[in-house]
Amino acid sequence: MRFLLLSLCLLGFALNPLHADPRNDMAIMAHAPSIKLGIGDRPGVLFVTLHNKSSATQLVGATSDAFERIELHTHETSADGMMRMVQVTDFALPANGKLALKPGGHHLMLFGFRGDKRDKEAAIEVTLNFANGASLSVSAQPMQRQKPSPHHGHHHMPHQGH
Ligand SMILES: [Cu+2]
């Protein structure tokens, strides 16, 4: 499934110049979105790579019927060398550039899942909102995080693995 999504993305990317249309304001494209739900009541996480074919803007928020709240998070290395997650108000999306939400970096934190975690087939849709007024829906079938083993679980940081 991951490979298929990637292939579709590459295809879309390759075909896009042929379909260039100055009236088309969908200048931002999402590639390979992935959603992981947290264990129990823990928040989930969304990763995606955004390609911007227009002028610079920012990702300023996200909403979904499937979650109570979505926050923009990034990782920061503090003076003691530890990596910590911090909430931010926006992610820069450069002109004709890309923004990668990925493990260990920027990501969307998904709080208060309203769906059924046993339903592995239903795709979850999340709408991304940009400073220039554009919005973009991405969807992915959620992946459930594996429960840490009883012997190691208590060593895990709350947001370990993003
Ligand atoms: Cu986070």
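Beyond its neighbours within four places in sequence, Ile70 is in contact with Ala62, Thr63, Ser64, Leu108, Met109, Leu110, Phe111 and Val126. The model described here is predicted. In soluble globular proteins, nonpolar side chains tend to be buried together.

Strand E9 spans residues 124-130. Its covered face carries Ile124, Val126, Leu128 and Phe130. Glu125, Thr127 and Asn129 lie on the uncovered face. In a regular strand the side chains alternate between the two faces of the sheet.

E9 pairs with two strands. Strand E3 (residues 57-63) runs antiparallel to E9 and is joined to it by four bridges. Here Leu59 has Phe130 of E9 as its bridge partner. Strand E10 (residues 135-140) is also antiparallel to E9, with six bridges between them. Thr127 stands opposite Ser137 of E10. E9 and E10 form a hairpin, with four residues separating the strands. In the turn, Gly133 has a positive phi of about 95 degrees.

The protein as a whole contains one helix and 11 strands. Of the 162 residues, 23% are buried. Among contacts with a separation of 6 or more, 67% link residues 24 or more positions apart.

Conventions: Residues numbered from 1 in each chain as written. Predicted model: local features only at pLDDT ≥ 70, side-chain atom pairs only at ≥ 80, totals over all residues. Buried ≥ 20, exposed ≤ 12 C-beta atoms within 10 Å, placed from the backbone. Pairing = 2+ DSSP bridges. Contact = placed C-beta atoms within 7 Å.
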